[in-house]
Amino acid sequence: MTFPGDAIDERVWMDRVVAHVGAAPHYVTPTATAFAAELDEFVWHHDEPVGSLSQYAGWAVARLTRTAGVPVTLNGQVGDEVLSGYWQNYF
């Protein structure tokens, strides 16, 4: 996932890893325009309210993954919840 022009963009580091391992990269860049255009489909797929726009970013990655024909990924989503959750959950 890339965010050109934003301080959080890590594309330069992604490109270094890709070059080092010889991978074929697939990048997705979520934008406000794309989100607005895909809002109905995004909501339909989630079938429930979402807590933040990070779910849209994850959805965009999942769609790219499917389009690339990759059946399984390890992306870190839900790992925190499976491995004891967040400190707020203990109260």
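Mentor: What follows is a short talk about a predicted model.

Trainee: Let me start with Thr-65; why is Thr-65 called buried?
Mentor: Its relative accessibility is 17%, and buried means under 20%, so Thr-65 counts as buried. Thr-65 lies in helix H3, which covers residues 54-67.

Trainee: Which other residues of H3 are buried?
Mentor: Along with Thr-65, the buried residues of H3 are Tyr-56, Ala-57, Trp-59 and Ala-60. The buried residues of H3 pack against helix H2 (32-46).

Trainee: How do you know that the length of H3 agrees with its number of residues?
Mentor: H3 has 14 residues, and at 1.5 Å a residue they should span 20 Å. The expected span uses one less than the number of residues. The end C-alpha atoms of H3 are 20 Å apart, so the two values agree.

Trainee: What does Thr-65 touch, leaving out residues up to four places away in sequence?
Mentor: Thr-65 touches Val-70 and Thr-73. Thr-73 sits in the loop between H3 and helix H4 (79-82). Just after H3, Gly-69 takes a positive phi of about 80 degrees.

Trainee: And what makes Thr-73 partly exposed?
Mentor: Its relative accessibility is 42%. Partly exposed lies between the 20% limit for buried and the 50% limit for exposed, so Thr-73 counts as partly exposed.

Trainee: Now to charges: why is the meeting of Arg-63 and Glu-38 called a salt bridge?
Mentor: The N to O distance between their side chains is 3.0 Å. The cut-off is 4 Å, so this pair qualifies. The pair links distant parts of the chain, with Arg-63 in helix H3 and Glu-38 in helix H2, 25 residues apart.

Trainee: Are these two partners buried or partly exposed?
Mentor: Glu-38 has a relative accessible area of 18%, so Glu-38 is buried. Arg-63, at 30% relative accessibility, counts as partly exposed.

Trainee: How many salt bridges are there by this rule?
Mentor: The count comes to two. In the pair of Asp-15 and Arg-11, the side chains meet at 2.9 Å, N to O.

Trainee: What makes Asp-15 and Arg-11 about one helical turn apart?
Mentor: They are four residues apart in helix H1 (residues 11-21), so about one helical turn separates them. An α-helix has 3.6 residues a turn, so residues three or four places apart point the same way.

Trainee: How do you know that Asp-15 is partly exposed?
Mentor: Asp-15 has 32% relative accessibility, so Asp-15 counts as partly exposed. Arg-11, at 31%, counts as partly exposed too.

Note on methods: Residues are numbered from 1 along each chain as its sequence is written. This is a predicted model: local features need pLDDT of at least 70, side-chain atom pairs count only at pLDDT 80 or more; totals for chains, interfaces and linings use all residues. Side-chain values use heavy atoms; hydrogens and water are left out. Helices (H or I, at least four residues) and strands (E, at least two) are DSSP runs, numbered from the N terminus. Buried means under 20% relative accessible area, exposed over 50%, partly exposed in between (1.4 Å probe, protein chains only). Contact means heavy atoms within 4.5 Å.
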